[in-house]
Amino acid sequence: MRLFIANRGEIAVRVARAAREIGWSPRGTWTEVDASALHRSAMDECAPLGSPDGYLSASRLVAAAKSLGCDAVHPGYGFLAENAHFAQAVIDAGLLWVGPAPASIAAMGDKQRAKALAAAAAVPLVPSGDEAGFPALVKAAAGGGGRGMRVVRSAGELEEARARASEEALAAFGDGTVYVERLLEGARHVEVQVLGDQHGKVVSLGTRDCSVQRRHQKLVEEAPALGAPAAMEDAALRLAGAVDYLGAGTVEFLLLPSGEFYFIEMNTRVQVEHPVTEWVTGLDIVAAQLRIAIGDPVPEVPSPRGHAIECRIIAEDPSAGFVPSPGTLVRFRPPAGPGVRVDAGVAEGDAVSPHYDSLLAKLVVHGESRDAARARMALALGDFEIAGACTTAALCRDIIRSADFGAGTIDT
């Protein structure tokens, strides 16, 4: 099986590794490259797909996959992973799509439709529309990743927030539709990892806490989530079952200190933070995606062990409002050791492009307890040597060592 990986950076490396381990032959997205070199940006170097427009062109990517003699397409976890049109184009071309059915992607990709399906599955919803009240959050109906979101504190701010959120959503997702829901202050962002197979079985791999964010995008994640009720996993399974979910997906919730929780959205793809779940379950989620795509059943879920934490090492300057920090990595030396994993999409000497996502690497640690994992992460962040671009590494270390993080009281 020859696999076309329609993404770049660390997820391309991650998917290629999983593909090789199960006997598939991975190929680069924009040119046929040796799998060991996938961490270098073929997109930045190769024509005619070497542009953001080419990156998101379904027809050109499918044509490239076929020209390379590929049998299957994995979309990684960028915008293409939640693009029902791209999924259908892959299937129509006679290629194997590694992901959920286009209908499931479409159902969960429109947040308003997803909320209606969640309500029908008895999944708790955040009050929205006229019931939202203030403070409120204006959100894009399509897409995710924090794009097209604005906090509104009073009625006088609403129309301007709607206009700006709609403009940003249109630019990011091609759809300017927005809606309003109540802003639940003091809530934690907790999600459930699910896997579904072609035999109708859906399982939960447990919870993750992703409350530490900047600009509505995750920065630090951990598994399992502290104090997450079992009912949350049950709700996630009901929703996934309602759309006959296939492959890896994540159902996201807001969890209040009272234990009440509310559905936010479902991401129909593997998540950036999937390694923390892999650490505590011992399962390779990407390999499971590939096997499920060819008809294998979901794997048995072992009892969780220990605690895992992930920090995103991003080429941004936290002191300047998290603006991107492109440059050449004159030094890039990740830490190593027991219980330490680094998923990187760059190497020393690489140029960090200003045109694409600025995630350089994910630093993930595992410990027998949360305190042990926290201590290991603080040491690993201190050992991560990076020069040539500003990154979030030092900020992550401050967060990990903070009393609020230690107490598990950080909210979104």
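Biologist: Which side chains does a polar contact of 2.7 Å join?

Modeller: A polar contact is a pair of N or O atoms within 3.5 Å; within protein, one must be able to donate a hydrogen and the other to accept it, and residues adjacent in sequence count only if both atoms are side-chain atoms. Here the side chains of E222 and R370 are paired at 2.7 Å. The side chain of E222 also makes a polar contact with that of H307, at 2.6 Å. This is a predicted model, in which local features need pLDDT of at least 70 and side-chain atom pairs count only at pLDDT 80 or more, while totals for chains, interfaces and linings use all residues. Residues are numbered from 1 along each chain as its sequence is written, and side-chain values use heavy atoms, with hydrogens and water left out.

Biologist: Where is E222 found, and is E222 buried or exposed?

Modeller: Strands (E, at least two residues) and helices (H or I, at least four) are DSSP runs, numbered from the N terminus. E222 belongs to strand β10, residues 217-223. Buried means under 20% relative accessible area, exposed over 50%, and partly exposed in between (1.4 Å probe, protein chains only). E222 has a relative accessibility of 6%, so it counts as buried.

Biologist: With which residues is E222 in contact, leaving aside its neighbours within four places in sequence?

Modeller: Contact means heavy atoms within 4.5 Å. On that basis E222 touches T207, R208, D209, V276, H307, A308, I309, R370 and F405.

Biologist: Which peptide bonds are cis?

Modeller: One of them leads from F134 to P135, with omega near 0 degrees; P135 is in the loop between α7 and β5 (136-140). Another joins A223 and P224, where omega is about -5 degrees. P224 sits in the loop between β10 and α9, and β10 is the strand that holds E222.

Biologist: What is the phi of H216, and what is that of F322?

Modeller: H216 is a residue other than glycine, yet its phi is positive, near 65 degrees. It occupies the loop between β9 (202-214) and β10, and is partly exposed at 36% relative accessible area. F322, likewise not a glycine, has a positive phi of about 65 degrees. Its loop runs between β14 (316-317) and β15 (323-324), and F322 counts as buried at 17% relative accessibility.

Biologist: Which residues of helix α6 are buried, and what covers them?

Modeller: An α-helix has 3.6 residues a turn, so residues three or four places apart point the same way. In α6 (residues 102-109), the buried residues are P102, S104, I105, A107 and M108. Their cover includes α5 (84-92), β4 (96-97), α7 (111-120), α9 (230-242) and β12 (261-267).

Biologist: How many helices and strands does the protein chain have, and how compact is it?

Modeller: The protein chain comprises 14 helices and 21 strands. Its radius of gyration is 20 Å, close to the 22 Å that the globule rule gives for 412 residues, so the chain is as compact as a globular protein of that length. The radius is taken over C-alpha atoms, and the rule is 2.2 Å times the number of residues to the power 0.38. The C-alpha trace spans about 55 × 50 × 45 Å along its principal axes. Of the 412 residues, 55% count as buried. Among contacts with a separation of 6 or more, 66% are between residues 24 or more positions apart.
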